[in-house]
Amino acid sequence: MQNKEYLEFAKQIAYEAGKIMLKYFNAKDISSYKGDKTIVTLADKEINTYLISRVKEKYPTHSVDGEEEQFGKSDYVWVCDPVDGTAMYARHIPVAVFSLALVVNGVSQVGVVYDVFTDTLYSAIKGQGAYKNEEKITVNDFNLDDMRSVSNFDMWSNADYNLYDIIKTLGKKTYFVSIGSVIRGCMCVASGEFNLAIFPGTKRKNCDIAAAKVIVEEAGGKVTNLFGEEQRYDTDIKGAIVSNGKIHNEVVEIIKKCYSE
């Protein structure tokens, strides 16, 4: 019963975050660059601050791990990416999404992802299935080399893991795209449009995968680090493979082979 209450709370935050995203979407001069040369917008900061104030008010013993701001220390952590796809959002390209998960002792228990531009809410409670606007969703069962196979990747110059050779190898089997938001790509896996998303993020990048972990796995897929291992989502991660499950081991083997060479 408690997780249901947490999910309703997360949904409320998501819809409010969507309003903030729309408020700034067409505004000028909404973005700046952080020390690590990644972009941040006024929407990121306002959403993160709003989440902290709501958690303090509703669940004062919980903590918040937001990509832009953190609060408290607890086994119950609200892990948030206020605007995933910030580079697209700052350029007025409607791809970005809001993501929030409740992570308990490192495990994602509740997750929501909200695409305000299509008014689409993805949600899941661990053990209770995954939903897209309250309709149950499942991953597809496509093999990598199925002509219907579409995969998403994220890649940037200073990422700890270089995916170039991996994308080159996997690209012989699947059609790769990079839609500009890893979380949006993960939701395409959850609802069956894609069968794979690969992500090289590490430091502070648990914020990108925490909600996707529970949503994709409740839809029947699988989420691990880049080497096929489980990982915590209340701390830094070692990248992510987000798949329909059927192709997961094959992808892991290809990645391990690329890294051993």
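Tyr 6, Phe 9, Tyr 59 and Trp 78 form one aromatic cluster. The model is predicted. Within it, a search of the whole structure finds 13 aromatic pairs.

A second pair is formed by Trp 156 and Phe 199. The ring centres lie 5.7 Å apart. The planes meet at 55°, so this pair counts as tilted. Trp 156 is in the loop between strand E11 (150-153) and helix H4 (164-170). Phe 199 is in strand E13, residues 196-199. The pair therefore ties together parts of the chain that are 43 residues apart in sequence. Phe 199 is buried, with 2% relative accessibility. Trp 156 is partly exposed, at 31%.

Trp 156 has a further contact. The charged end of Lys 205 sits over the ring of Trp 156, 5.6 Å from its centre.

**Around Lys 205**

What phi does Arg 204 have? Its phi is near 65°, a positive value in a residue other than glycine. Arg 204 lies in the loop between E13 and H6. At 29% relative accessibility, Arg 204 is partly exposed.

Asn 206 lies in helix H6, residues 206-218. Asn 206 is buried, with a relative accessible area of 0%. In sequence, Asn 206 and Gly 239 are 33 residues apart. In space, their C-alpha atoms are 8.7 Å apart.

Glu 134 also has a positive phi, near 75°, and is not a glycine. Glu 134 is found in the loop between strand E9 (130-132) and strand E10 (135-136). Glu 134 is exposed, at 53% relative accessibility. The cut-off for exposed is over 50%, so Glu 134 passes.

The table sets out some of the accessibility values.

| Residue | Relative accessible area | Class |
|---|---|---|
| Asn 206 | 0% | buried |
| Phe 199 | 2% | buried |
| Cys 188 | 9% | buried |
| Cys 258 | 18% | buried |
| Arg 204 | 29% | partly exposed |
| Trp 156 | 31% | partly exposed |
| Glu 134 | 53% | exposed |

**Helix H5 and the cysteines**

How many residues of helix H5 (residues 182-190) are buried? Nine of its nine residues are, and the helix is mostly covered. Val 182, Ile 183, Met 187, Val 189 and Ala 190 are among the buried residues of H5. Arg 184 and Gly 185 are buried there too. After H5 comes Gly 192, with a positive phi near 95°.

How many disulfides does a search of the whole structure find? The count is zero. Cys 188 is in no disulfide, and the nearest cysteine sulfur, that of Cys 186, is 9.1 Å away. A disulfide needs the two sulfur atoms within 2.5 Å, so the separation of Cys 188 and Cys 186 rules this pair out. Cys 188 is buried at 9% relative accessible area. Cys 258 is buried as well, at 18%.

**The second largest pocket**

The second largest pocket has a volume of about 160 Å³. Strand E3 (63-66) and strand E4 (70-71) are the elements that give two or more residues to its lining. Which element provides the largest share of the lining? It is E3, with three residues.

The lining includes Ser 63, Val 64 and Asp 65. Gln 70 and Phe 71 also line the pocket. Further lining residues are Gly 72, Lys 73, Ser 74, Val 77 and Asp 234. By class, the lining of the second largest pocket has three nonpolar, four polar and three charged residues.

Technical notes. Residues are numbered from 1 along each chain as its sequence is written. This is a predicted model: local features need pLDDT of at least 70, side-chain atom pairs count only at pLDDT 80 or more; totals for chains, interfaces and linings use all residues. Side-chain values use heavy atoms; hydrogens and water are left out. On a 1 Å grid over the protein atoms alone, a cavity is a set of points where a 1.4 Å probe fits but cannot get out, and a pocket is an open set with protein on both sides within 12 Å along at least five of seven lines; lining residues have an atom within 4 Å of a point. Grid points are joined across faces, edges and corners, and a volume is the space filled by probe spheres set on the points. Helices (H or I, at least four residues) and strands (E, at least two) are DSSP runs, numbered from the N terminus. Ala, Val, Leu, Ile, Met, Phe, Trp, Tyr, Cys and Pro count as nonpolar, Asp, Glu, Lys and Arg as charged, and the others, Gly among them, as polar. Buried means under 20% relative accessible area, exposed over 50%, partly exposed in between (1.4 Å probe, protein chains only). Rings of Phe, Tyr and Trp (its six-membered ring) pair if their centres lie within 6.5 Å; planes under 30 degrees apart count as stacked, over 60 as edge-to-face and the rest as tilted. A charge sits over a ring if NZ of Lys or CZ of Arg is within 6 Å of the ring centre and within 35 degrees of the ring normal.
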